[in-house]
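This report walks through one protein chain for a reader who has not seen it before. It begins with a pair of helices and then takes up other local features and the chain as a whole.

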Amino acid sequence: MSALPRPGKIIALHLNYPSRIAQRGRVPEFPSFFLKPASSMAASGDVIERPAGTELLAYEGEIALIVGTRTRRATPEEGWASISGITAANDWGVYDLRHVDKGSNLRNKGGDGFTPLGPEVIPAASVDPAALRVRTWVNGVLKQDDTTADLAFPFGTLVADLSQLITLEPGDVILTGTPAGSSVAAPGDVVEVEVDAPTAPGAPSTGRLVTRVVEGTTPFAAYGAQPRVDDRQRIEAWGDAESAGVTPNVLSEELREKLASAAVATISAQLRKLGHPHSSIDGVHPLVPGTKMIGIARTLRFVAHRPDLFESHGGGYNAQKRAFDSLAEGEVLVIEARGDASAGTVGDVLALRAKVLGAAGIVTDGAARDSAAVAAIGIPAFAQGVHPSVLGRRHVPWETDTAITCGGAAVLPGDVVVGDDDGVVVIPRQLVAQVADAAAAQEAEDAWVAERVAEGHPVDGLFPLSGEWRRRYLEERR
């Protein structure tokens with residue numbers, strides 16, 4: 001591979017393609033990078049070892065930019081001009097080692113042979129950076145197919161951002177993110193990546209970058225971290241729960257503990273940072289002050305009362321009874337009552353049924369009846385108010401386990417619901433881990449700030465943390 005000498009550095013981007021961003025469930029505000037060792041570089045035709053004792057070696061077909069000129073503090077408009085060529089790359093990673101990397105990706109993506117590049121280089125000046133295509137095949141089956149038409153961060157922006165602090169040298173390689181379709185490869189699989197410019201004159205192509213997966217035979221020594229996976233890592237490596245062969249547990253005990261340590265106000269703030277400002281189920285309050293509720297949403301929808309509809313749907317084993325009878329341990333029944341609290345939507349018998357089944361709570365933007373009895377049962381219950389009337393005065397129980405709007409918030413079955421004295425918030429299932437981690441970190445920071453305030457320090461620069469106070473906090477955390 002004489003056309004591609006070993007680069008001084010390999011810089012890789014976390015997320016860029018909208019399809020991958022949607023899959024991951026988090027939208028990056030700015031480019032986020034990590035380094036790969038130059039020793040991870042490999043050529044087309046080389047093999048990659050799946051390390052002994054691991055199961056989740058994942059491929060990521062990518063476009064690699066090759067820096068052509070020494071670049072420092074380029075603008076986004078100047079960034080593309082500093083690139084001499086593009087080639088195909090495969091940003092391999094072994095998810096079994098992510099637990100020890102703390103975000104650096106050094107072990108899980110830095111192994112020998114984990115960055116194949118090539119086989120040919122397309123001159124950058126001959127193509128439009130927004131009209132490139134990357135495709136990946138596994139054993140001849142197309143798995144990834146996307147273009148650069150709508151990247152979150154155009155290539156010029158990546159170069160500009162990096163060059164603010166880092167001098168890019170000729171030969172340096174920038175990996176620009178992978179589209180959806182990345183998944184796990186096993187020993188014996190052949191993975192091929194191709195980058196081309198199908199609309200450019202001559203439709204230039206890198207050719208197919210070929211890597212064959214083999215099984216490693218040398219186990220990890222006891223003095224280093226051992227491979228470790230869980231269902232969350234399996235889902236992320238394979239791309240989805242079905243491919244991974246697991247039923248995703250969006251509320252593991254670890255995540256539950258993190259959410260339990262965080263106030264609803266903190267969780268709401270983290271959701272707002274992630275672009276979810278309408279996550280609160282407005283107007284609901286716990287029947288028992290001091291209640292904490294965490295669970296996985298099930299849903300029940302009422303429509304406005306109409307005699308013919310109540311006759312057809314209100315009696316017998318209706319949707320309300322079916323919903324309460326089918327609750328499982330750890331689930332929260334969320335009831336859409338259109339914000340109408342002038343009739344009961346849950347009473348003592350149904351609340352008792354939920355309690356016996358191990359449900360984690362009940363939320364309604366309508367009213368609770370038999371409220372003292374419901375409170376005494378001991379199941380967390382949140383309502384907009386209390387009312388003595390039966391539901392038939394205002395509501396018809398209509399359907400279960402569908403998307404609903406409760407207190408102005410969209411709720412889907414499988415979302416995570418958290419409540420305390422401030423109210424209730426809904427966390428989309430794909431954001432649960434991210435929100436739990438961020439909320440726990442924020443609670444720790446806020447607790448430290450409170451200690452400083454109690455010592456008599458003014459809040460300027462301390463809340464929110466900035467400058468010297470943040471430096472002190474980070475030092476103490478370390």
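**Helices packed on α14**

The model is predicted. In it, helix α8, residues 253–260, meets helix α14, residues 432–454: their axes come within 8 Å and cross at roughly 45°. Angles of 65 to 115 degrees would count as roughly perpendicular and those under 35 degrees as roughly parallel; α8 and α14 are therefore oblique to each other. The crossing in which α8 passes α14 is left-handed. On the α8 side the contact is made by Leu255, Lys258 and Leu259, and on the α14 side by Val432, Ala433, Ala436, Asp437 and Ala440.

From α9, the residues in contact are Thr266, Ile267, Gln270, Leu271 and Lys273; from α14, they are Val435, Ala438, Ala439, Gln442 and Glu443. The contact of α9 with α14 comprises five nonpolar, three polar and two charged residues.

| Helix pair | Axes come within | Crossing angle |
|---|---|---|
| α8 and α14 | 8 Å | roughly 45° |

**Aromatic rings on α14 and α15**

Helix α14 also takes part in a ring pair. What is the geometry of the aromatic pair formed by Trp448 and Tyr473? The pair is edge-to-face, with 5.3 Å centre to centre and 65° between the planes. Trp448 belongs to helix α14 and Tyr473 to helix α15, and the pair links distant parts of the chain, 25 residues apart. Are Trp448 and Tyr473 buried or exposed? Both residues are buried. Ring pairs join Trp448 and Tyr473 with Trp469 into a cluster. In total, the structure holds four aromatic pairs.

**Cis peptide bonds**

The bond from Gly118 to Pro119 is cis, with omega near 0°. Pro119 sits in strand β9, which covers residues 115–123. Phe463 and Pro464 are likewise joined by a cis peptide bond, with omega about 0°. Pro464 is found in the loop between α14 and α15, the latter being residues 467–477.

**Positive phi angles**

Which value does phi of Arg73 take? Phi of Arg73 is near 55°, which is positive although the residue is not glycine. Arg73 lies in the loop between β6 (61–67) and α2 (76–79). Its relative accessibility is 58%, and since exposed means over 50%, Arg73 counts as exposed.

Asp370, again not a glycine, has a positive phi of about 55°. This residue is placed in the loop between β20 (361–368) and α13 (371–377). Asp370 has 33% relative accessibility and so counts as partly exposed.

**Surroundings of Glu169**

Glu169 is located in the loop between α5 (155–163) and β12 (173–175). With a relative accessibility of 33%, Glu169 counts as partly exposed. Which residues is Glu169 in contact with, leaving aside its neighbours within four places in sequence? They are Lys9, Val67 and Arg70. The C-alpha atom of Glu169 is also separated by 6.6 Å from that of Thr71, although the two residues are 98 residues apart along the chain.

**The chain as a whole**

The elements named above belong to a chain that has 15 helices and 26 strands. Its C-alpha atoms fill a box of roughly 80 × 60 × 50 Å, taken along the principal axes. The chain has 478 residues, of which 48% count as buried. Among contacts in the chain with a separation of 6 or more, 77% are between residues 24 or more positions apart.

Methods. Residues numbered from 1 in each chain as written. Predicted model: local features only at pLDDT ≥ 70, side-chain atom pairs only at ≥ 80, totals over all residues. Heavy atoms only, no water. Axes fitted to C-alpha atoms, helices over the stretch in contact; angles between N-to-C directions. Helix = DSSP H or I, 4+ residues; strand = E, 2+ residues; numbered from the N terminus. Parallel < 35°, antiparallel > 145°, perpendicular 65-115°, else oblique. Left-handed = near helix turned anticlockwise from the far one by under 90°. Contact = heavy atoms within 4.5 Å. Nonpolar A, V, L, I, M, F, W, Y, C, P; charged D, E, K, R; others polar. Buried < 20%, exposed > 50% of the residue type's maximum accessible area, 1.4 Å probe, protein only. Phe/Tyr/Trp six-rings, centres within 6.5 Å; stacked < 30°, edge-to-face > 60°.
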